[in-house]
Amino acid sequence: MRFTRMRMRTANATAAVVMAVPLTLAGTAPQGHAQDASPTPSPSGTFGSGCAGLAQKVGTAKDKVVEAAAAYPQLSHLVSAAVRAHLNGTLDEKPGITVFAPNDQAFQAATVSQFASLLADQGQLKKLLTYHVVDRQITPDELSHGSFKTVEGSKLTTSGSGTDFKVNGEANIVCGNIKAANATIYVVDTVLEPPS
């Protein structure tokens, strides 16, 4: 039953992306979203201005990372890309990872040609996505001056304080410290690019 639920969530997220991608490719501008004025950590330990739109879903802390991410409609592009790159099984099998998860608005900010090129090249897509994954769990306390080696092989950095953090000096962590069974997820508002 658990496997069926995961397949249904992943299928639903993928279907949402299939429907959303034509809108993005047609040139629809990313929509802004209301920011939560209070950046204080929630009782679940999540923090950030975007957590109001990404409230902890019931049961996702027991789910592996891709299934947990599939429960959040705002991460549907990421889930679809992970499935397309054949990373869902790989990520779900890794214990204790951290994912800096670009939200759908981050993917929508890419140009039509960038997005089409990315989806067409599975190797590049895999490289890009694994740059968002660190092979250990990162706590919020480690984000203020962090430097972490990614699964892709390059380093990414984190900086900030309190509940206001950036990744590589450009991507804002809009909701942090979301728990999955094998991962901690930090939702970011920019697709991170590995160093060339």
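Helices (H or I, at least four residues) and strands (E, at least two) are DSSP runs, numbered from the N terminus.

**Figure 1. Order of elements in the predicted model.** The structure shown is a predicted model. The chain holds 7 helices and 7 strands. Read from the N terminus, the elements follow the order α-α-α-α-β-α-α-α-β-β-β-β-β-β. The chain has 196 residues, and 44% of them count as buried. Take the contacts between residues at least 6 apart in sequence: 65% of these join residues at least 24 apart.

**Figure 2. Helix 3 and its surroundings.** Helix 3 spans residues 76-84. Of its 9 residues, 7 are buried, so helix 3 is largely enclosed by the rest of the structure. The buried residues are S76, H77, L78, V79, S80, A81 and A82. After helix 3 comes H86, with a positive phi near 60 degrees.

**Figure 3. Crossing of helix 3 and helix 7.** Two packed helices are described by the angle between their axes and the distance between the axes. Here the partners are helix 3 and helix 7, the latter covering residues 122-130. Their axes come within 9 Å and cross at roughly 125 degrees. Angles of 65 to 115 degrees count as roughly perpendicular and those over 145 as roughly antiparallel. Helix 3 and helix 7 are therefore oblique to each other. The crossing is left-handed. On the helix 3 side, L78, A81, A82 and R84 make the contact; on the helix 7 side, Q122, L125 and L129 do. By class, the contact residues are 5 nonpolar, 1 polar and 1 charged.

**Figure 4. The largest nonpolar core.** In soluble globular proteins, nonpolar side chains tend to be buried together. The largest nonpolar core in this model has 34 residues. V65, L91, I97, L129 and V187 have the most contacts inside this core. At least two residues each come from helix 2 (65-70), helix 3, strand 1 (97-102), helix 5 (104-108), helix 6 (112-120), helix 7, strand 6 (171-180) and strand 7 (183-188). Helix 2 gives the most, with 5 residues.

Methods: Residues are numbered from 1 along each chain as its sequence is written. This is a predicted model: local features need pLDDT of at least 70, side-chain atom pairs count only at pLDDT 80 or more; totals for chains, interfaces and linings use all residues. Side-chain values use heavy atoms; hydrogens and water are left out. Axes are lines fitted to C-alpha atoms, for helices over the stretch in contact, and angles run from 0 to 180 degrees between N-to-C directions. Angles under 35 degrees count as roughly parallel, over 145 as roughly antiparallel, 65 to 115 as roughly perpendicular and the rest as oblique. A crossing is left-handed if the near helix is turned anticlockwise from the far one by less than a right angle, and right-handed if clockwise. Contact means heavy atoms within 4.5 Å. Ala, Val, Leu, Ile, Met, Phe, Trp, Tyr, Cys and Pro count as nonpolar, Asp, Glu, Lys and Arg as charged, and the others, Gly among them, as polar. A nonpolar core is a set of buried Ala, Val, Leu, Ile, Met, Phe, Trp, Tyr and Cys residues joined through side-chain atoms within 4.5 Å. Buried means under 20% relative accessible area, exposed over 50%, partly exposed in between (1.4 Å probe, protein chains only).
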